[in-house]
Amino acid sequence: MITIDHTASYARPADAVFAVLSDPARFPEWQADVLESRMNGPLREGAHVEQVRKVMGRRTEIGLTVADYVPGESLTLRTPPQAKPGVSQTYRVRDTEGGCRVEFRLELNGVPKMAEHLVRTQLGKQVPQLFERLGTLL
């Protein structure tokens with residue numbers, strides 16, 4: 001399993017930041033690899049999110065389910081158990097003095113052993129860039 005943890009701080013209210021993080025339609029605005037993202041219906045546990053991402057230069061359709069949702073605080077999106085690789089993305093937002101802190105965890109299961117180092121290295125570069133873009137958007 002590959003796990004990437006990242007923390008970012010923003011001089012914005014937690015609810016404003018969480019509103020962007022928890023709106024799948026806005027993912028392409030701050031996640032460069034997301035080409036399209038949509039959810040049918042309201043955000044709630046069990047809701048389904050369809051994404052088109054650019055993965056290793058190829059258009060890839062990914063289905064995610066909202067596995068955990070606490071309004072204004074946390075959101076976890078997860079691929080179905082049979083998906084290869086399996087993906088879990090967790091966002092937690094906490095108030096801080098003068099703004100908020102976002103804690104992010106990405107977990108990938110089922111990446112071929114030969115590719116793990118390359119994938120981990122690439123994600124280690126991409127994830128901070130996502131949150132820089134988010135900061136610019138905010």
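1. Strand 5 (residues 74-78) is mostly covered, with four of its five residues buried. Buried stands for under 20% relative accessible area, exposed for over 50%, and partly exposed for what lies in between (1.4 Å probe, protein chains only). Strands (E, at least two residues) and helices (H or I, at least four) are DSSP runs, numbered from the N terminus.

2. On the source: this is a predicted model, in which local features need pLDDT of at least 70 and side-chain atom pairs count only at pLDDT 80 or more, while totals for chains, interfaces and linings use all residues. Residues are numbered from 1 along each chain as its sequence is written, and side-chain values use heavy atoms, with hydrogens and water left out.

3. Strand 5 pairs with strand 4 in the antiparallel sense over five bridges; a pair requires at least two bridges found by DSSP. V66 has L77 as its bridge partner, and V70 has S74. The hairpin of these strands has three residues between them, and G72 there takes a positive phi near 80°.

4. Strand 5 is also joined to strand 6, again by five bridges and running antiparallel. Here R78 stands opposite S88 of strand 6. Strands of a sheet pair through backbone hydrogen bonds, either parallel or antiparallel.

5. The sheet is open and has seven strands in the order 1-7-6-5-4-3-2, with antiparallel pairing. Strand 1 (2-10) and strand 2 (34-39) are the edges; each has a single partner strand, so one side of each is left without a neighbour in the sheet. From one strand to the next the twist averages 20°.

6. Helix 1 (residues 14-21) lies across strands 1, 4, 5, 6 and 7, at about 165° to strand 6. Helix 3 lies across strand 1, strand 6 and strand 7, at about 15° to strand 1. Contact is heavy atoms within 4.5 Å. Axes are lines fitted to C-alpha atoms, for helices over the stretch in contact, and angles run from 0 to 180 degrees between N-to-C directions.

7. G124 belongs to helix 3 (residues 113-137) and counts as partly exposed because its relative accessibility is 38%. Its C-alpha atom is 6.9 Å from that of I4, 120 residues apart along the chain.

8. M56 sits in the loop between strand 3 (48-55) and strand 4 (58-70). With a relative accessible area of 69%, M56 is exposed.
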